[in-house]
Amino acid sequence: SGSGSGSGSGVCHSDTKQAAAALYHPLEPRIAHSLTRYVLDRHRIVGLSLARLFEKGDLAIHSHLRALRSFFLMASGETAKHFQDSLFPLIAKRRWPQTQVLQGILRDALRVDRDCEATLESCLTVTAATAPSSVSNSMHGSCEPIDWIASIKFRCELPWPLSMVITAESLDEYAQVFRFLLMLHFAKWTLDRLSLSLVASARTGAGAGDEKNSGSSRIQAQIRIFHVFYTLRAKTHHIVGSLQDYMTGRAVHAVWRQFQAQMEELRETCDMPRLRDAHESYLREISHQMLLDLNSRAPIMPKIKALLAVSIQLRQISHKVVAAVSHERRQQQQQPQKVELVRMMEKLHRGVDDDTKFLIAVINQIVGHGVQLHLRELLLYFDFNRYFSKGSGSKTG
């Protein structure tokens, strides 16, 4: 009887498992069908509640997005100018500000803009290297200020649920764009503030008593120095200025208008995942148009940084130009040194032409494949009179 009871219990257990399996499998679609609608309704209600929170108070998403754009994308001219006016004179003299000083510059700049002060002042911090990590004195090597700007890092601790939309990854993208724009602005700032008036006065002083000997080889050498210097500065200024105008005009303002239209639509639908996706897409498009995405950055960014480095090197060259033509030192200045200065600037000039032609060729190739058609505007900025396309870019006169 024991074996009989054992076998009987085994049959009963097997029957129970089969019965449970028969009951479970039909329940899967039933559970999914019955719960999906409930979960989606709860999700919509939570999304509506969060959207209402994002419309006002400390969590106002639109104020935070405007503030991030104003500072990181330099859309607010006053905020960007205040930050640059305080920072650029320091790094131009290789005086790298410590964290406390840099944080003070940041805080003062944020206070210029109402949205920035209200939303970012209490949660945004900045750090940078105490000195540039790498220094190269080669013609197309990186320069100390460019290296130092590349070391700037930001930390922004936004309260929940803002952090659901403005994620840590998106803040990294904002910082990457900021560093690139800051490099462009510093290069342009350096070119604008070259001591051209000092150079011009040195030229006047050198030639004041030598008008009767204006045909001499010494005077011709001075004229040659000035001609090459001014030509190199003008061409570099055009290239850097074109990059800056395109990046701030097309890549920042035009993309923002598209994002605003999406935000208005999402404000009505109150779809939080779509809001986060729209913000991430907005930042990707900015990086794409600024050539900061991985596909564009590899071939193009080294050339752009080389051109920015030339802008900074011109500041050092201007002092050599002054020394070469100044009235006080014209007797001591050896002719071979002047010739070497001209050769150095001509070599730099050829490098600028080669880098610019390379950029134009790569961008033409990208546009020719039917992608990133917006880059046609950058080509127009660069080569509006087909100066480089005609192959005349390497001439220095």
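On a 1 Å grid over the protein atoms alone, a pocket is an open set of points where a 1.4 Å probe fits, with protein on both sides within 12 Å along at least five of seven lines, and its lining residues have an atom within 4 Å of a point. Keep that in mind as we walk through this predicted model, in which local features need pLDDT of at least 70, side-chain atom pairs count only at pLDDT 80 or more, and totals for chains, interfaces and linings use all residues. Residues are numbered from 1 along each chain as its sequence is written, and side-chain values use heavy atoms, with hydrogens and water left out.

Let's begin at the second largest pocket. Its space comes to about 200 Å³, where the volume is that filled by probe spheres set on grid points joined across faces, edges and corners. The lining is made up of Met74, Gly77, Ala80, Lys81, Gln84, Asp85, His185, Lys188, Trp189, Asp192, Arg193 and Thr248. Two elements, α3 (77–92) and α8 (168–192), each give two or more residues to this lining; helices here are DSSP runs of H or I with at least four residues, numbered from the N terminus. The largest share, 5 residues, belongs to α3.

Met74 sits in the loop between α2 (61–72) and α3, and has a positive phi of about 55° although it is not a glycine. Most residues other than glycine have a negative phi. With a relative accessibility of 11%, Met74 counts as buried (buried means under 20% relative accessible area, exposed over 50%, and partly exposed in between, with a 1.4 Å probe and protein chains only). Leu291 also has a positive phi, of about 65°, without being a glycine. You will find Leu291 in the loop between α11 (272–289) and α12 (294–325), and it is buried at 1% relative accessibility.

The term stands for a side-chain nitrogen of Lys or Arg within 4 Å of a carboxyl oxygen of Asp or Glu. Both residues belong to helix α8, where they are 4 residues apart, about one turn of the helix. Asp192 is partly exposed at 37% relative accessibility, whereas Lys188 is buried at 17%.

The structure holds 8 salt bridges. Another joins the side chains of Arg94 and Glu144 (3.2 Å, N to O). Arg94 lies in the loop between α3 and α4 (99–110) and Glu144 in helix α6 (residues 144–150), so this pair ties together parts 50 residues apart in sequence. Arg94 is partly exposed, with a relative accessible area of 24%, and Glu144 is partly exposed at 23%. Glu157 and Arg155 form a further salt bridge (3.0 Å, N to O), and both of these residues are exposed.

Our last stop is helix α14 (residues 375–382), where Leu375, Leu378, Leu379 and Phe382 are buried. They cover an arc of only 100° around the axis, which puts them on the same side of α14; the arc is taken from the directions from the helix axis to the C-beta atoms. An α-helix has 3.6 residues a turn, so residues three or four places apart point the same way.
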